[in-house]
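Good morning, and thank you for coming.

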Amino acid sequence: MKVLKFGGTSVGSAARMKNVAKLICDGDQKIVVLSAMSGTTNNLIEISDYFYKNNISGALEKINVLQQKYFDVVDDLYSTVEYKSEAKLNLKNIFEYLRTFSKSVFTLFEEKAILAQGELLSAAMFQLYLQEVGENSTLLPALEFMRIDKNAEPDSAFIAENLAKQLAAQPDKMIYITQGFICRNFYGEIDNLQRGGSVYTASLIGA
């Protein structure tokens, strides 16, 4: 089993996602760790900052601009109306989720949930593209197996046990797509491995 990691620039456009697909579809079984599309995490940080400052209109405007950027990528990435529609529906659900933060008290916990959406977006879009081109792949949700302990250190035993369960549930797949950076903390809340976290994710999976 190979473990490959691709950063935000590598999945920063439809053309680059297609190039990554060509690299990984070589007949070998592998886990592919993806970062958020380039620029997305910075945009999500800006959105969070607006929410912290209670600038709801600024946050919603930024969300709308980011959503349109992703819709443009969808139009370039997928070949069929069916897959374009499915991708846009998935995107709408995530961006609607981002908008819900305008109606709640905003804390560090909400910020971490927002930051996680970048990796969730890129992985979902990429897996759907592989599905469209007929590759034997599946999504491996990082939030189901990647966890840190009370000291914010990786919980290696938990990761090993639950990653094994996820892989055992779909043993016939050749490509497993998962999200870098994001995890859950000891209390089950969405958290992250901080900057450079996607490399950390890939290292932990490899170990």
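**Salt bridges, strands and core**

Let me begin with arginine 147 and aspartate 155, whose side chains meet in a salt bridge at 2.7 Å, N to O. A salt bridge here is a side-chain nitrogen of Lys or Arg within 4 Å of a carboxyl oxygen of Asp or Glu. Aspartate 155 is buried, with a relative accessible area of 16%. Buried means under 20% relative accessible area, exposed means over 50%, and partly exposed is in between, with a 1.4 Å probe and protein chains only.

Before I continue, please note that this is a predicted model, in which local features need pLDDT of at least 70, side-chain atom pairs count only at pLDDT 80 or more, and totals for chains, interfaces and linings use all residues. Residues are numbered from 1 along each chain as its sequence is written, and side-chain values use heavy atoms, leaving out hydrogens and water.

How many salt bridges does a search of the whole structure find? The search finds 9. In general, side chains of opposite charge can pair when their charged atoms come close. Another such pair is glutamate 46 with lysine 62, at 2.9 Å, N to O. Glutamate 46 lies in helix α2 (residues 40-52) and lysine 62 in helix α3 (residues 56-77), so this pair ties together parts that are 16 residues apart in sequence. Helices are DSSP runs of H or I with at least four residues, strands are runs of E with at least two, and both are numbered from the N terminus. Glutamate 46 is partly exposed at 37% relative accessibility, and lysine 62 is partly exposed at 22%.

A further salt bridge joins the side chains of aspartate 26 and lysine 30, at 2.6 Å, N to O. Is each partner buried or exposed, or in between? Aspartate 26 is partly exposed, at 42% relative accessible area, whereas lysine 30 is buried, at 0%.

Lysine 30 brings us to strand β2 (residues 30-34), where 5 of 5 residues are buried. In a regular strand the side chains alternate between the two faces of the sheet. In β2, Lys30, Val32 and Leu34 point one way, while Ile31 and Val33 point the other way.

Valine 33 of β2 is the bridge partner of lysine 5, and its bridge partner in β4 is threonine 178.

Now consider the sheet as a whole. Its 4 strands form an open sheet in the order β1-β2-β4-β3, with parallel pairing. The edge strands are β1 and β3 (137-139), each of which pairs on one side only.

Finally, I turn to the core. In soluble globular proteins, nonpolar side chains tend to be buried together. The largest nonpolar core has 62 residues, of which Tyr78, Met125 and Phe126 touch the most other members. Such a core is a set of buried Ala, Val, Leu, Ile, Met, Phe, Trp, Tyr and Cys residues joined through side-chain atoms within 4.5 Å. The largest share of this core, 8 residues, comes from α3. Leaving aside residues up to four places away in sequence, phenylalanine 126 touches Met17, Val20, Ala21, Ile24, Leu34 and Ile177, where contact means heavy atoms within 4.5 Å.

Methods
Pairing = 2+ DSSP bridges.
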